[in-house]
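Please walk me through this structure, one region at a time. Begin in the core, then turn to the helices and the backbone.

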Amino acid sequence: SVTACSSLASNLSRCFTTTVSGFINPRRRFQGERESVSERMIRTILLFLVVFVVGTTQVHTQLIPPARRDGFVYPPGHRADPDTILIEAFFDPVCPDSRDAWSPLKKAIQHYGSRVALLLHLLPLPYHDNAYVTSRALHIVNTLNTSATFILLEGFFEHQAMFYNAQTQLLSRPAVVDRIVKLGEVTLGNSYQSVLKSGFRDTKSDRATRVSFKYSASSGVYGTPTFYVNGFVLSDAPSDFGGWRKIIDPLVQPHEGEIQDNLVSFI
């Protein structure tokens, strides 16, 4: 992390300063004499090398991409071709606005069928105490059954109040996880109890949730819900099905006109 790298650089800097001072003139440290110009240059060069090495390591760490693209595809299994209109949504499972935005978005995706696809990203907001752990549960379930991911998401939305800050402020993290496991069992079936329990002990789900957060941050997203359509952010997000139709209809109709023209030309 940036903090760790800064701390490492600071510690190495102090170490080099002490070492170089003693190496250049051990007696001078105790006599209080000033450093010569050459000694200051040597010290500066060494400190520059320390910062450069630490900074280079930090940059290489940040640029390592994940093994797979972030996000959950809806409908599950849908494969988008170049003509598919791609909606990217950034949701927080315990965000009331994300909950309210899901139903009209889902209706729009179903309305347009194969012409439109959704890629759902998770952005666990830091001021929602249980955003991260609920997001992690969705990653756990997704590894087993991609269809179950959205069923559990809707379960979180339906019972969202169970995970609000005020309702869980006196609960420990294991108690909150236990509540999530029980909700998953009720929503998805008894077989998911062991899946969720083992998933929370596995670091893979933790890493996947971190990737989701970092992807959202690197995309400039800081609030939920946020929507992109074909790579362009919607500054005024639709609040109902009619709002989505106003955005998507003009994108679908030109393509349908091209198909009709090609058909007439062929005949």
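Start at Ile87. Beyond its neighbours within four places in sequence, Ile87 is in contact with Leu105, Ile109, Val116, Ala117, Leu118, Leu119, Tyr228, Val229, Trp244 and Ile248. The model is predicted. Ile87 belongs to the largest nonpolar core, which has 46 residues. Within that core, the residues with the most contacts are Ile87, Phe91, Leu105 and Trp244. Two of these, Leu105 and Trp244, are also on the contact list of Ile87. A second, separate core has five residues, including Phe90, Leu125, Val221 and Tyr228. Tyr228 is in contact with Ile87, yet Tyr228 is listed in the separate core. Nonpolar side chains tend to be buried together in soluble globular proteins.

Next, a helix pair. Two packed helices are described by the angle between their axes and the distance between the axes. Here the pair is α5, residues 131-142, and α9, residues 192-201. Their axes come within 9 Å. They cross at roughly 115 degrees, and the crossing is right-handed. Which residues of α5 and α9 meet? From α5 come Val133, Arg136, Ala137, Ile140 and Val141. From α9 come Tyr192, Val195, Leu196, Gly199, Phe200 and Arg201. By class, this contact has eight nonpolar, one polar and two charged residues.

Stay with α5 for one more residue. Asn142 is in this helix. Is Asn142 buried or exposed? Asn142 counts as buried because its relative accessible area is 15%, under the 20% cut-off. Leaving aside neighbours within four places in sequence, Asn142 is in contact with Phe72 and Thr149.

Now the backbone. Most residues other than glycine have a negative phi, and most peptide bonds are trans. Pro75 is found in the loop between β1 (72-74) and β2 (85-91). Pro225 is found in the loop between α10 (203-218) and β4 (226-229).

The remaining site is Asn230. Asn230 counts as partly exposed because its relative accessibility is 40%, between the 20% and 50% cut-offs.

Note on methods: Residues numbered from 1 in each chain as written. Predicted model: local features only at pLDDT ≥ 70, side-chain atom pairs only at ≥ 80, totals over all residues. Heavy atoms only, no water. Helix = DSSP H or I, 4+ residues; strand = E, 2+ residues; numbered from the N terminus. Buried < 20%, exposed > 50% of the residue type's maximum accessible area, 1.4 Å probe, protein only. Axes fitted to C-alpha atoms, helices over the stretch in contact; angles between N-to-C directions. Left-handed = near helix turned anticlockwise from the far one by under 90°. Contact = heavy atoms within 4.5 Å. Nonpolar A, V, L, I, M, F, W, Y, C, P; charged D, E, K, R; others polar. Core = buried A, V, L, I, M, F, W, Y, C linked by side-chain atoms within 4.5 Å.
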